[in-house]
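Biologist: I would like a close look at a single part of this model. Please take me through that part, then carry on to the rest.

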Amino acid sequence: MNLSSRIIDAKESITLKINEKINKITMSGQHVYNMTAGQLPFKPSPEFIHILERQLNFLKSYQYSPNAGFGALRKKLIGHIQEKRDFDYSSIEGEYDCVISNGSKHTIYNILGALVDPGDEVVLLTPYWVSYPEMIKFWGGVAVEVRSHTFDNFTPPIDEIENAIGDKTKVIILNSPNNPAGIHYNDEWMKEFAKMLKKHPGVTVISDELYSEISYFDPRPTFFYQYDTSLLSQTVIVDGISKTFACTGLRIGYCFGNKELMKAITKLQSQTTSGPNSLVQRALIDFDFNLLHNFFDPVKQQLRSCAQITREKFKNHGLSHCWYQTTAGFYYFLDFSRMPFFEKYNVEEGKDKSEEIVQDILEQTGVALVPGAGFGHPNCARMSMTIELAPFEEAMERLVSFMAKKS
Ligand code: PLP
């Protein structure tokens, strides 16, 4: 079969490979602490399930939705984001709309498809969500990376972002709170970013805010356009139900932005997937989003406890200097290159051994992580904090004591 060069060049998801390995080890009878998940290990709120069940009785739940999603839901989502972020689209120049898609991955893919021509540059801040570079490549764009480090809490300097902007720059992707770092860029950073962006009116920012509600350590995340709402004219806000509703399998994501761009996205969507799942959209129209607070408070409590355990384990094993404070989202990003055990791998400057190290950790401690190279940082790994507290503590003890040993 002659496959297209586009698909031959695409990388397979790294989580697939590690999951194969986990299955093998579990089949052999060994216990695995699976810390690779990007989702919550339980069902959505009972109220939402009840509304979904009720919607099963209506014919419209089984038929095509409009290409951009149901008008009533789009209107509700626009109202919700305006209230949450405290701005009003009607007071900003231009017209704005919302498009609902089959998950926010699909949303971002659509936005890039509507904006990026072959050769256009898209600025990415490391560490980044694994799918961004692949989606950029798929549309013929070129990813330009701006790096961050553990010691600056994975927050890239604004002047380096500005230096990365050139004649070919079409888009900057921001993801705060961040997957995989588990931090959000602070208020000061967002203010500076707003000032910098104001100088580049031709650049569109995709603000991926999928984890905005999952902040468990004050101060809460803010967003650059809140400091200068005129920047909303060059911003596309992305959100979805996967993480905050515990509904990764229901596949609903959405975006808000300039009406012309939303129309372009709708055109693309109309010729690819059509409108998203009608049943789930109709349930979302009826669901009271305020109920999410009750549902999510215990999750935040759990994430806070996991972050606390992480800090203690690093401290107890003499690795406090390698630790950083996470604030939001599900993850902690481990930088192996700063840990004592890294020495034995003899890694040459600029080379990556994260896959090999993650395999060793899995075999020797039973802890499964996601190798970090796909997130734009060699010799790192993503650790998910969505498992129960007791196994989390056991897993951290095994993991940190392993990393603290030189041989
Ligand atoms: N954006 C970020 C930062 C993510 O972590 C994910 C999923 O893990 C997505 C987008 C896509 O989520 P979904 O397509 O489930 O809405």
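In which sense do strand 11 and strand 12 pair, and over how many bridges?

Modeller: Strand 11 and strand 12 (residues 380-384) pair in the antiparallel sense, over 2 bridges. First, some ground rules. This is a predicted model, so local features need pLDDT of at least 70 and side-chain atom pairs count only at pLDDT 80 or more, while totals for chains, interfaces and linings use all residues. Residues are numbered from 1 along each chain as its sequence is written, and side-chain values use heavy atoms, with hydrogens and water left out.

Strands (E, at least two residues) and helices (H or I, at least four) are DSSP runs numbered from the N terminus. Two strands pair if DSSP finds at least two bridges between them. The open sheet here has 3 strands in the order 9-12-11, with antiparallel pairing. Strand 9 (331-335) and strand 11 (370-371) each have a single partner strand, so one side of each is left without a neighbour in the sheet.

Serine 104 has a polar side-chain atom 2.7 Å from a ligand oxygen. For tyrosine 211, a side-chain N or O atom is 2.7 Å from an oxygen of the ligand. A polar side-chain atom of arginine 251 also lies 2.7 Å from a ligand oxygen. On its own, the ligand has 390 Å² of accessible area (Shrake-Rupley method, 1.4 Å probe), and the protein covers 92% of that.

Some of these residues have backbone features too. Arginine 251 lies in the loop between strand 7 (235-240) and strand 8 (253-258). Its phi is near 55 degrees, a positive value in a residue other than glycine. Asparagine 179 joins proline 180 through a cis peptide bond, with omega about 20 degrees. Proline 180 is in the loop between strand 5 (169-174) and helix 8 (187-198). Threonine 126 to proline 127 is also a cis bond, with omega near -10 degrees.

Terms used: Polar contact = N/O pair within 3.5 Å; in protein donor to acceptor, adjacent residues only side chain to side chain.
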